[in-house]
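Subject: Structure handover and findings

Hello,

Here is the structure we talked about. Please open it alongside this message; my notes follow below.

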Amino acid sequence: MAENGSYFAGLDIGGTTVKTVLVDEAGDLAGEMVEVRSQVKDGYEATFGQLELALVQLTANIGISREQVCGIGMDVPAPSSDGVIWAQANLAPDWVGTNVRDCFSQRLGGVSVYMTNDGNAAALGEYAVRKKHHGGLLLVAPGTGLGGGLVLPGGRAYEGQNGLALEVGHVSVPHREENGELPKCSCGLTGCLEAWVSLMALRRRVGIELAKTENAGHPLNDGSTVEEKAFRLRDFAKAGDELAISIFRQQGRILGYGLADLVRVFDPGLVVIGGGLAETVGFRDDYLGWVMEGFEERAWPVYLRSPINPEKETTQFEWASGGDSSAALGVAFSAREMFG
Ligand SMILES: [Zn+2]
């Protein structure tokens, strides 16, 4: 049976796949997530074809016409401003400099499209799944790098004047290697937060620690690659291995230092931690404890508890819902807010 009313689509464009959802007027998920290949390396027109395929499937699944899709939110894995991608690493060159948001809107006969980057979409997704949460939130996601996004109270992502805000991975942290040096970051600078808390940082740390004489007999010194060692480190930490724990503890604490500064700037009330690095069941609580340790070391007491009501935590920390469809849901939710 065909359904009435307005719907909003969320299209989360990643390097390999596009995850897509529909939400209804109330902001609730309508039907199942549809995932298609993104084909981003074949040019944006190829991806648009895939997005249209997904829209056909999404609408068919719940028996509505495409005309009932009144707005679309999409996110791209690159910094973008007002529909235009500024720079990219994993997309075909024609994505840069074209207003892909407006092109896609025209292709669909003028339907309104909102476009943002993947960090904002993930933050919006965390906001969308917390139905009882009315304040804003700051998301940080340690993975290969360190992504982030800020949602303001009311549900809009803060994107900055040029869409370049919340590059949280590249704020400086007051921490040095044992030899006094600042670690190199993927961005070309040194001393960035990302250079301490990402997967890249984990690999560097594992290499440094295992090269020390006192760790020569560690079971990870088994001839495997540094990538494999870093991958296995979580299991070692979970099993109580002191070296593995000390490496993750340092990462968590330094993320806490960075968060103390970010919270001083934004006072988000809620910090959500996502990303693939610590996403192991049974390990996340330990990691979060180390983040809190670092945060408490560098944040003023007012960012921990209200001086007026000491029962009240002024900054709460939570894990990301981590759902596969959460970024798609986030941009769908924004499209509903903007175009509904
Ligand atoms: Zn950097």
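Which strands does helix α8 lie across? Helix α8, residues 284-298, lies across β10 and β11. The helix runs at about 155° to β11. Bear in mind that this is a predicted model.

**The four-strand sheet**

β10 and β11 belong to an open sheet of four strands, in the order β9-β8-β10-β11. Pairing in this sheet is mixed. The edges are β9 (146-151) and β11 (316-319). Each has a single partner strand, so one side of each lacks a neighbour in the sheet. On average, neighbouring strands are turned by 20° against each other, direction ignored.

Look next at β8, residues 137-142. β8 and β9 run antiparallel and are joined by six bridges. Pro142 stands opposite Leu146 in β9. Helix α3, residues 118-129, also packs on this sheet. Helix α3 touches β8, β9 and β10 (270-273), and its direction makes about 55° with that of β9.

α3 is mostly covered, with 11 of its 12 residues buried. Among the buried ones are Asp118, Asn120, Leu124, Glu126 and Tyr127. At 1.5 Å a residue, the 12 residues of α3 should span 16 Å, and the end C-alpha atoms are 16 Å apart, which agrees.

Helix α9 covers residues 326-339. Its 14 residues should span 20 Å at 1.5 Å a residue; the end C-alpha atoms are 20 Å apart, in agreement. α9 is mostly covered as well, with 11 of 14 residues buried. The buried residues include Ser326, Leu329, Val331, Phe333 and Arg336. What covers them? The cover includes β1 (7-13), β2 (17-24), β4 (69-76), β7 (112-117) and α3.

**The core and the strands around it**

The largest nonpolar core has 88 residues, and Leu11, Val331 and Ala332 touch the most other members. Helix α7, residues 242-266, gives the most to this core, with 10 residues. Where does the core sit relative to the domains? Domain 1 (7-131 + 324-339) and domain 2 (137-319) both contribute residues, so the core lies between them.

Val331 is worth a click. Leaving aside neighbours within four places in sequence, its contacts include Gly10, Leu11, Asp12, Gly73, Met74 and Asp75. Tyr114, Thr116, Ala121 and Leu124 are also in contact with Val331.

Leu11 has Met74 in β4 as its bridge partner. β1 and β4 run parallel, joined by six bridges. β4 and β7 also run parallel, and six bridges join them. There, Ile72 has Val113 in β7 as its bridge partner. Six of the eight residues of β4 are buried, so β4 is largely enclosed by the rest of the structure.

**Two positive phi angles**

Two residues deserve a look at the backbone. Asp82 is not a glycine, yet has a positive phi of about 50°. Asp82 lies in the loop between β5 (80-81) and β6 (84-85). Is Asp82 buried or exposed? Asp82 is exposed, with 11 other C-beta atoms within 10 Å.

Leu166 also has a positive phi, about 65°, although it is not a glycine. Leu166 lies in the loop between β9 and α4 (194-197). Leu166 counts as buried, because it has 23 C-beta neighbours inside 10 Å.

**Arg37**

One last residue. Arg37 lies in strand β3, residues 34-37. Arg37 is partly exposed, with 13 other C-beta atoms within 10 Å. Val18 is 19 residues away from Arg37 along the chain, and their C-alpha atoms are separated by 6.0 Å. Beyond its neighbours within four places in sequence, Arg37 is in contact with Thr17 and Gln50.

Best wishes

Conventions: Residues are numbered from 1 along each chain as its sequence is written. This is a predicted model: local features need pLDDT of at least 70, side-chain atom pairs count only at pLDDT 80 or more; totals for chains, interfaces and linings use all residues. Two strands pair if DSSP finds at least two bridges between them. Axes are lines fitted to C-alpha atoms, for helices over the stretch in contact, and angles run from 0 to 180 degrees between N-to-C directions. Two residues are in contact if their C-beta atoms, placed from the backbone, lie within 7 Å. A residue is buried if 20 or more other C-beta atoms lie within 10 Å of its own, exposed if 12 or fewer, and partly exposed in between; C-beta atoms are placed from the backbone. The expected span of a helix is 1.5 Å times one less than its number of residues. A nonpolar core is a set of buried Ala, Val, Leu, Ile, Met, Phe, Trp, Tyr and Cys residues joined through C-beta atoms within 7 Å. Domain bounds come from an automatic or database domain assignment.
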